[in-house]
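We will go stop by stop, selecting a few residues each time.

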Amino acid sequence: MFKKLTPCFILLFLFLQVAHSQKNVTVNELKKHINFLTSDKNVGRYPGERTNKKVVSYIKKQYKQSGVKPLKGSYKQTFMAQLRVKKDEPKKPEVKTWNVIGIIEGSDPKLKNEYVVLGAHYDHLGLGDGPSSKSEKVGVVYHGADDNASGTAALLEIGEKIAAHKDTLKRSVILIAFGAEEQGLLGSKYFVNNPIVPLNQIKLMINMDMVGRLNEQKQIYMGGAGTFDGGMELMKKLGPKHDLSPVVNAGSVGGSDHVSFYKKQISVIGLHTGGHPQYHTPEDTADLINYLGEKKVCDYIYDAIINVATSTSEINFIPQD
């Protein structure tokens, strides 16, 4: 009898292990996402390329597997992107690309119509022939591991963890993987100018851009924490729990996708782990990611979102610099 039941117990054990892992950010999952995104086959995740569609499909698939629902019936928001060119080069035609959007709905009858947006851009520089390259190398893959496969992986892992604990949410959480950030924040600009939910119902936008290179001092940098009441205190308070040393600025909103939301008078926090010599070069590769550090950052951001999304306190925009 016991021998017959043993395989069933083994299967149950394996199922419980998988179910448990889905409720937590894991180094293995972060590695899986970053290795896919930075693969040579994805040719630097350049807007308009065939490989761009593969990346969008991958993100969409991960949302589905995590239980993240499409927003208003679709995971994709299509827009046209004008690609940047070097000085004196002819203008390129516009290309089609996408924001990839999902929602984890809150449970409070009223507050579920208020939203916390978690975002990260998934695009990069392709083969480095545009004006944003910091290297003379052209025609080679710019992998963009930290910028911003790290943020995209964090988005997927944090989103999965939030979905696994969705019963705790009062406010709803929207996940957005932005397209064409490197072309001038085009995905986030398109979203705020063509919002799928009313902008006045978005209470906070948290953006992750280059969160994979945590330093020895364990510093996570952020701007915009003073754009809502209690933001500075919250982001400082959560640091020790996650063995992090947050460098928290009230303003210094910065230059990534959260800026598009800030300009619409929406409270924002933009997070990163700091610059490095590999920024916008082909050498920004997956082997340089601090995966254990990124896991700490993910858990820290998860806690920040849960604090805001489970609270009944009003969130009001406070302008900074």
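Start with D303. At 10% relative accessibility, D303 counts as buried, because the cut-off for buried is under 20%. Bear in mind throughout that this is a predicted model.

D303 forms a salt bridge with K241, and their closest N and O atoms are 2.6 Å apart. D303 sits in helix α8, while K241 sits in the loop between α6 and β8, so the pair ties together parts that are 62 residues apart in sequence. K241 is exposed, with a relative accessible area of 61%.

Which residue pairs with D243 in a salt bridge? The partner is K218, with the closest N and O atoms 2.5 Å apart.

Next, select E283 and K137. They form a salt bridge, with 2.8 Å between the closest N and O atoms. E283 is in the loop between β9 (268-272) and α8 (291-309), and K137 is in the loop between β4 (115-121) and α4 (145-164), so this pair ties together parts 146 residues apart in sequence. E283 is partly exposed at 35% relative accessibility. K137 is partly exposed as well, at 43%.

Select K161, K295 and D299 together. These three are linked in a network of salt bridges. The structure holds 8 salt bridges. Side chains of opposite charge can pair when their charged atoms come close.

The largest nonpolar core has 63 residues. Which of its members touch the most others? Select Y63, I158, M235 and I301. Helix α8 gives the most to this core, with 11 residues.

Zoom in on I301. Leaving aside residues up to four places away in sequence, I301 touches L118, I158, I206, M208 and L271.

For the last stop, select I103, V117, M205 and Y262. They are among the members of a second, separate core of 21 residues.

Definitions and conventions: Residues numbered from 1 in each chain as written. Predicted model: local features only at pLDDT ≥ 70, side-chain atom pairs only at ≥ 80, totals over all residues. Heavy atoms only, no water. Salt bridge = Lys/Arg side-chain N within 4 Å of Asp/Glu carboxyl O. Helix = DSSP H or I, 4+ residues; strand = E, 2+ residues; numbered from the N terminus. Buried < 20%, exposed > 50% of the residue type's maximum accessible area, 1.4 Å probe, protein only. Core = buried A, V, L, I, M, F, W, Y, C linked by side-chain atoms within 4.5 Å. Contact = heavy atoms within 4.5 Å.
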